[in-house]
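Subject: Structure handover

Hello,

I am passing on the structure we spoke about. Please have a look at the model first; my notes on it follow below.

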Amino acid sequence: MPGTAPASPAPRQDRPLRVAVTGGGPGGLYAAALLKRLDPAREVTVWERNAPDDTFGFGVVLSDETLGGIEHADPVVYEAMRREFVRWDDIDIVHRGTRHTSGGHGFAALGRRRLLRILHDRCRDLGVDLRFRTEAPHPDTLAASYDLVVAADGVNSLTREAYAQAFRPRVTTHRCRYIWLAADFALEAFRFEIAETGHGVMQLHAYPYAPDASTVIVEMREEVWQAAGFDGITPEESIDRCAKIFADALGGRPLRSNNSDWTRFRTVVNDRWSHGKVVLLGDAAHTAHFSIGSGTKLAVEDALALAACLDEQPTVGDALAAYEEERRPVVASTQRAARASLEWFENLALYVDQPPRQFAFNLLTRSRRVTHDNLRLRDAHFTAAVEREFGCPPGTPPMFTPYRLRGLTLRNRVVVSPMDMYSATDGVPGDFHLVHLGARALGGAGLVMTEMVCVSPEGRITPGCTGLYTGRQAEAWRRIVTFVHRQSPGTAIGVQLGHSGRKGSTKLMWEGMDEPLPDGNWPLVAASALPYKPGSQTPRRLTRAQLTDIREQFTDAARRAAHAGFDLLELHCAHGYLLSGFLSPLTNHRTDAYGGSLERRLRFPLEVFDAVREAWPEERPMTVRISATDWAEGGNTADDAVEIARAFAAHGADAIDVSTGQVVADEQPEYGRSYQTPFADRIRHEVGVPVIAVGAISSWDDVNSLILAGRTDLCALARPHLYDPHWTLHAAAEQAYEGPGAPWPAPYRAGNRPPRTGRTDTPKPRLTLHR
C-alpha cells in the first residue's frame, strides 16, 4: 500500500558464526561451501578422517532436479560439475541372452573422486578450513565450541551413535550382499544383467561415469553368496570371479577395486534429525538403496535445504526444525521407493521366468516411481511391445483386459473393494446399499464387492452391519444383485462373508471406531479370550461344539448368497476378525488342535473354507482375504502369508485377496503408495495362485503398472470409489478407451467425455511486444 514500508526479514537472534562439519563426503562439503558462501564471516571447519583422494565407490548419479538446485545455489560448483558429466538416456536389461532397451530416462553421472575435488576446490576458494586425516572431536566437545555441528559422517555415524537416545535410530540390515567395483571402459547405457547360476540368481548394476570408466555393482542374496563360495575367498578372487560371471557385459574386460569388499545394505531411519546444536545430514540421517541412485542426491539436497533454512529462520533451533520439516517427507518418499526397489532385487528369483519384456517392464517399474504411463511417455515403442506380449488388444490399457476366475469372466481388472457402510437395520441391506453398490456397478468396475456380510447376529461388528443369517436379509440382497445384473450387464457382484470375533459389538465407525457400545452389547467369541485393546470386551474362547456351529453358520450364509445370485464369494480371514484371529499367533493362544503351529492355526479357517466351498456352486469362484502381515512383533509375517495362501490354494481358493494388518491394536504399519502390493506380488509368484492387490492403489496408472508388471491379477480400490463411483469409466475416458472392458450404460453415454469448463473463444496471443 502507498506509504507502507517494505517488509523486512525476520530479525536474526543467534546467527551461527562458527560451524563444524564432521565428514568430508559430498553432503558435508557442499553444506560447508553453501554456509560459507551465504555468510563469508562464518568460520566453517570440516573434519575428514581419510585423505582427500580416499573414497569408496566410483560414479555418482544425480537427477536434473538436484542439478537445478545446485545451479541455483552455486553456479560455480554446477559449472565445474557440468563439464565432467557423462549423460545417457537408455537402460539395457539383459536376461537369458536377450537384451531389451528402454529409452528416454535421462541420467547424468561423474566420478565420485572428481566430484570431491570440485567441492574441495570450492571450499578452499571460499575459505573453508578442510582438515583431512583428522578425527573430529567428540560431538560434545564440538557442541561446546561451535554454534552449529553438522554431522555428515555417513552410515556409520559416530555422532548418531553418541546421541542415540535423542535421535532414536533404527538400522535395518537387508538380505543381499553387494560389492562396488569399476571397469575401465564406458558402457553405452545403464545396464542391468541377470546371471542364473548353479548357486542362484546374481545381478549386475552398471553405468558409465566417465568417457573411459563405468561403475559396476554385483549383488546377490546372502545364501547365494555363501553357496557360490564368496565367503571363503579373498576380495581379489571375488573380483576376478565376478568379471567371469558377467564377461558378456564387460566384453571380457577385468574389474578393478578401490578397497572394495562385500557388504550388506543398511537402511537408516531416525526419529529425529537434530539435538540441540547438532544436526544429521545425508547417510547419517537416512539411507536409500543404491538401485535408485539416491544417496549422494539426498545428501546434496539436505545441504541445500539446511543452508536455506539457516538463512531464512531467526534462530538455529527454528532453522533445524524447518530443515527437518521440509526434508523428512521427501526423504520418506524416497526411502519407500528405495525399499520397494531393494526388495524387488532381493526377490529377483521370483521373476526370472516372466516373459522377457514383462520382466524388463517389471524391473523398470519396481520402485513405483516409473509407471506405465510415465514409461509410455519416455519410450512408447518399448511399452507398446510389452502390452502386445501381455495380450492387450490395440488401444487397450492393461486394466481393461478381461480376467477369468473359474466360470466367471471379469471384463476388466478393477474391483470395488469391500467397504463397511454400517447402514443396515437388523442386518438387512436397504435402499442405501442398493444405491451404493448399484452406483459402483454402473461405474464400470469388473467386480463389485459387498461389505463384510456377517453370518450371525453375534458375528456383526456393529449394529449397522449387514448379514445373511435370515431369509429377509437374503431377499434384500437378491434385490441388489438383480439390479446390478439387469442395469449393468457384464458387471459381477461378489459377497464377502465373515464373523467379527473379538472385534464385534462396537460403535458405528463415525461414532468411535472399535469402541465398545455403551449399551446393548452382545457376547463375543474368539480363538482365545483376549480383548482387542484395553477397554474392549473380553471374548469367550470357542469350544469345539461352538466351532461346529459357526462353521454351519458360514455354510448357511453361503447357500443364501448363492440363492441371491452373487457371482463370487470371498471368505474374510483378515483384519483380526474371527478367522483371522485363529491364524495369528498374537490372537490365538490355544493349546488344542486349533492352536500352536501355523498348520494347526490354519485348521479351523480351512474347515470353514472347505464347508463353504462345498455349499457354494461349483462353477462360481471363491476367494480368501488374508492379512499378509500383522505389522507387529511376534505376529504373522510375509513368510507366513505365503504358507497361508498356499494352504488355501491347495484347498481350492481361486484367488487370494491380499491385505495386511488390523489384527492387533498396537500394530506399526509401513504406509505408502501401493504399500501392500509387494505381499500380493510375492504370493502370486511363490504360490502360483491369482491375487487381488489392495492398499493405497489410487490411480489408473498404478493399476496399469501393477497388472502389466505381473505383480497382481486384479486391483481392488476402496476410497477412490467413495470419491468417484464412476472411477473406472472416468479412467477409460481419460485414457481415450472405448472398448468392451468399460462400456458406458446407455443412459450415461452422453457423459462419456469430460465436460468443458470455462471460455474457449478467447483469442490466443499472437505477438508479444517488448519495451
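The radius of gyration used here is taken over C-alpha atoms, and the globule rule is 2.2 Å times the number of residues to the power 0.38. For 771 residues, that rule puts a compact globule near 28 Å; the protein chain has 30 Å, so the two agree. Please keep in mind that this is a predicted model.

Overall layout

Along the principal axes, the C-alpha atoms of the protein chain fill a box of roughly 85 × 75 × 55 Å. The protein chain contains 27 helices and 28 strands.

UniProt, in an unreviewed entry, lists residues 399–733 as "domain: NADH:flavin oxidoreductase/NADH oxidase N-terminal". Over residues 399–733 the chain is 36% helix and 16% strand.

Helix 11 and its contacts

Helix 11 (residues 295–312) takes part in a contact with helix 2 (residues 64–73); their axes come within 10 Å and cross at roughly 35°. The crossing of helix 2 and helix 11 is left-handed. On helix 2 the contact involves Glu65, Thr66, Gly69, Ile70 and Ala73, and on helix 11 it involves Lys297, Val300, Glu301 and Leu304. By type, the residues of this contact are four nonpolar, two polar and three charged.

Helix 11 also packs with helix 12 (residues 316–346), where the axes come within 8 Å and cross at roughly 155°. Because angles over 145 degrees count as roughly antiparallel, helix 11 is roughly antiparallel to helix 12. The crossing of helix 11 and helix 12 is right-handed. Helix 11 contributes Leu298, Glu301, Asp302, Ala305, Leu306, Cys309 and Leu310, while helix 12 contributes Ala319, Leu320, Ala322, Tyr323, Glu326, Arg327, Val331 and Thr334. The residues of the contact of helix 11 with helix 12 divide into ten nonpolar, one polar and four charged. Glu301 of helix 11 is listed in the contact with helix 2 and also in the contact with helix 12.

Helix 23 and helix 24

Another pair is helix 23 (residues 638–650) and helix 24 (residues 677–687), which pack at an angle of about 50° with their axes 10 Å apart. That angle makes helix 23 oblique to helix 24. Helix 23 passes helix 24 in a right-handed crossing. From helix 23 the contact takes in Ala638, Asp639, Ala641, Val642, Ala645, Arg646 and Ala649; from helix 24, Phe679, Arg682, Ile683, Glu686 and Val687. The residues of the contact of helix 23 with helix 24 comprise eight nonpolar, no polar and four charged.

Gly565

Where does Gly565 lie? Gly565 is in the loop between helix 19 (544–564) and strand 24 (568–573). Leaving out residues up to four places away in sequence, Gly565 touches Val481, His485 and Arg620. From Gly565 to Trp273 the separation is 292 residues in sequence and 57 Å in space, C-alpha to C-alpha.

Regards

How values were computed: Residues are numbered from 1 along each chain as its sequence is written. This is a predicted model: local features need pLDDT of at least 70, side-chain atom pairs count only at pLDDT 80 or more; totals for chains, interfaces and linings use all residues. Side-chain values use heavy atoms; hydrogens and water are left out. UniProt positions are given in the numbering used here, feature names are shortened, and annotations may be inferred rather than shown by experiment. Helices (H or I, at least four residues) and strands (E, at least two) are DSSP runs, numbered from the N terminus. Axes are lines fitted to C-alpha atoms, for helices over the stretch in contact, and angles run from 0 to 180 degrees between N-to-C directions. A crossing is left-handed if the near helix is turned anticlockwise from the far one by less than a right angle, and right-handed if clockwise. Contact means heavy atoms within 4.5 Å. Ala, Val, Leu, Ile, Met, Phe, Trp, Tyr, Cys and Pro count as nonpolar, Asp, Glu, Lys and Arg as charged, and the others, Gly among them, as polar. Angles under 35 degrees count as roughly parallel, over 145 as roughly antiparallel, 65 to 115 as roughly perpendicular and the rest as oblique.
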